[in-house]
Amino acid sequence: MEKQKNTGTDKPDRSPLVWGLIFGIIFGFLLQKGGVTKYDVIVGQLLLTDFTVLKVMLSAVVTGMLGIHIMKTLGWVTLHPKPGSAGMSIIGGLIFGVGFAVLGYCPGTIAGAVGNGYLDALIGGVVGILLGAGLFAALYAGLKNNILKKGDFGTITLPELFKVNDWIVVIPAAGLIIFILIWLEKSNL
Amino acid sequence: MEWMTETHWSPYVVGIGIGILSGFTFLISKKPIGCSTAFARTSGMVEKIFRGKKVTEKLYYQEVKPIIDWEWMLVLGIVIGSLISSLLSGDFHWQWVPLRWASTFGSNALVRILVAILGGVCLGFGARWTGGCTSGHGISGTLQLALSSWISAICFFIGGITTAFLLYHVIG
């Protein structure tokens, strides 16, 4: 198996672009069928009145988590965890959250919203995201070795953090997610 | 094939589908699903049109090159996939202002667009700050049990829920 670690720098990318397109078409199809290309559904989640987004995300996570850890145990795939730090993950996550609620789409679902014909996504949101990403690129050199490095923990995963076998975390995590989903259904949410 | 033309599928069917899709992207492309880096690359490409080659000298664009890559094609694919799904079900329609927004803040398209741009700026800026979005951290990262992704995803919802309540229950 090749060893790949996300160091934040790009290596020449040879993944056939056509696979990216095929996977994207399936992803977009699923997002639209799930209703999560819609502002009303996403904001409904953030207002805690419509739990579609959480149901889609948690069932994707539990399925993918089991699948990927089975394939990892078999030696078929390697993980690609992203690096993080307290300064990156908490502050960036909160800023993202504000944008998530104000815009009512996220970078993936907004692409789906464009395909669904939503013009506030195409004319407003996409332009805003590009401006925001450009602003970050402009400030990056100053941020990189400052706030983004505060409380750095790199690409560590939860099993590595707890120094246990993957499955010691995967099985309880899967159980907890399934419990939350059943609880949501029982509560008619 | 009636299921192809249905407007809505169960969120669990969709979620399980996305989980299986994640497995295939790892297996075939050795990549997790993610979306926000593609916007950063596009931003660099657009800036290059206006400011020329010196854009690529920026530290950020040396690390995240302004080129079309696998993930960029994935985002393009999302647009196409959603278009196919919505055309098949008849759910496709042009819409300037979402219903929920209109019922609280009115149906003025300009106001909605300006707020959407503002929200987009925060979203794009925050996604690059934390290195991922609801797909890259929220789904792909959490399913790999990455610490960075669990913290980011929880903060997405803390920030999002707080802001949504402020918008709809305090301002609106």
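From the N terminus on, the elements of chain A in this predicted model run α-α-α-β-α-α-α-β-α-α, which amounts to 8 helices and 2 strands. The C-alpha trace of chain A spans about 50 × 45 × 35 Å along its principal axes. Of the 189 residues in chain A, 50% are buried. Among the contacts of chain A with a separation of 6 or more, 66% are accounted for by residues 24 or more positions apart.

Chain B has 9 helices and 0 strands, and its pattern along the sequence reads α-α-α-α-α-α-α-α-α. A box of roughly 45 × 40 × 35 Å, taken along the principal axes, is filled by the C-alpha atoms of chain B. Buried residues make up 56% of the 172 residues of chain B. Residues 24 or more positions apart account for 53% of the contacts in chain B with a separation of 6 or more. The average pLDDT of chain B is 97, and 100% of the residues score at least 70. For the model, ipTM is 0.97 and pTM is 0.94.

Between the chains, 118 residues of chain B are in contact with 109 residues of chain A. On the side of chain B that touches chain A, two or more residues each come from α2 (11-29), α3 (36-51), α4 (59-63), α5 (70-89), α6 (99-105), α7 (109-130), α8 (136-143) and α9 (147-171) of chain B. By class, the residues of this side of chain B comprise 66 nonpolar, 40 polar and 12 charged.

On the α6(A) side, the contact is made by Ile129(A), Leu130(A), Ala133(A), Gly134(A) and Ala137(A). The α3(B) side contributes Phe39(B), Ala40(B), Thr42(B), Ser43(B), Gly44(B), Val46(B) and Glu47(B). The residues of the contact of α6(A) with α3(B) comprise 7 nonpolar, 4 polar and 1 charged.

Within chain A, the axes of α1(A) and helix α5 (residues 107-115) come within 9 Å and cross at roughly 80 degrees. The helices α1(A) and α5(A) are therefore roughly perpendicular to each other. In this pair, Gly28(A), Leu31(A) and Gln32(A) of α1(A) meet Gly108(A), Thr109(A), Ala111(A), Gly112(A) and Gly115(A) of α5(A). The contact of α1(A) with α5(A) has 2 nonpolar, 6 polar and no charged residues.

Helix α1 of chain A (residues 17-34) also holds Lys33(A). This lysine counts as buried because Lys33(A) has 27 C-beta neighbours inside 10 Å, where 20 or more are required. Leaving aside residues up to four places away in sequence, Lys33(A) touches His8(B), Trp9(B), Val14(B) and Ser85(B).

Val14(B) is one of the buried residues of α2(B). The buried residues of α2(B) pack against α1 and α3 (52-73) of chain A, together with α5 and α8 of chain B. The 19 residues of α2(B) should span 27 Å at 1.5 Å a residue, and the end C-alpha atoms of α2(B) are 26 Å apart, which agrees.

Following α2(B) is Lys30(B), with a positive phi near 55 degrees. Most residues other than glycine have a negative phi. Lys30(B) is found in the loop between α2 and α3 of chain B. With 15 other C-beta atoms within 10 Å, Lys30(B) is partly exposed. In chain A, Asn188(A) is not a glycine but has a positive phi of about 55 degrees. Asn188(A) lies in the segment after α8 (166-186) of chain A. With 6 other C-beta atoms within 10 Å, Asn188(A) is exposed, the cut-off for this class being 12 or fewer.

Technical notes: Residues are numbered from 1 along each chain as its sequence is written. Chains are lettered from A and ligands numbered from 1 in the order in which they are written. This is a predicted model: local features need pLDDT of at least 70, side-chain atom pairs count only at pLDDT 80 or more; totals for chains, interfaces and linings use all residues. Two residues are in contact if their C-beta atoms, placed from the backbone, lie within 7 Å. Helices (H or I, at least four residues) and strands (E, at least two) are DSSP runs, numbered from the N terminus. Ala, Val, Leu, Ile, Met, Phe, Trp, Tyr, Cys and Pro count as nonpolar, Asp, Glu, Lys and Arg as charged, and the others, Gly among them, as polar. Axes are lines fitted to C-alpha atoms, for helices over the stretch in contact, and angles run from 0 to 180 degrees between N-to-C directions. Angles under 35 degrees count as roughly parallel, over 145 as roughly antiparallel, 65 to 115 as roughly perpendicular and the rest as oblique. The expected span of a helix is 1.5 Å times one less than its number of residues. pLDDT is the predictor's confidence in each residue, from 0 to 100.
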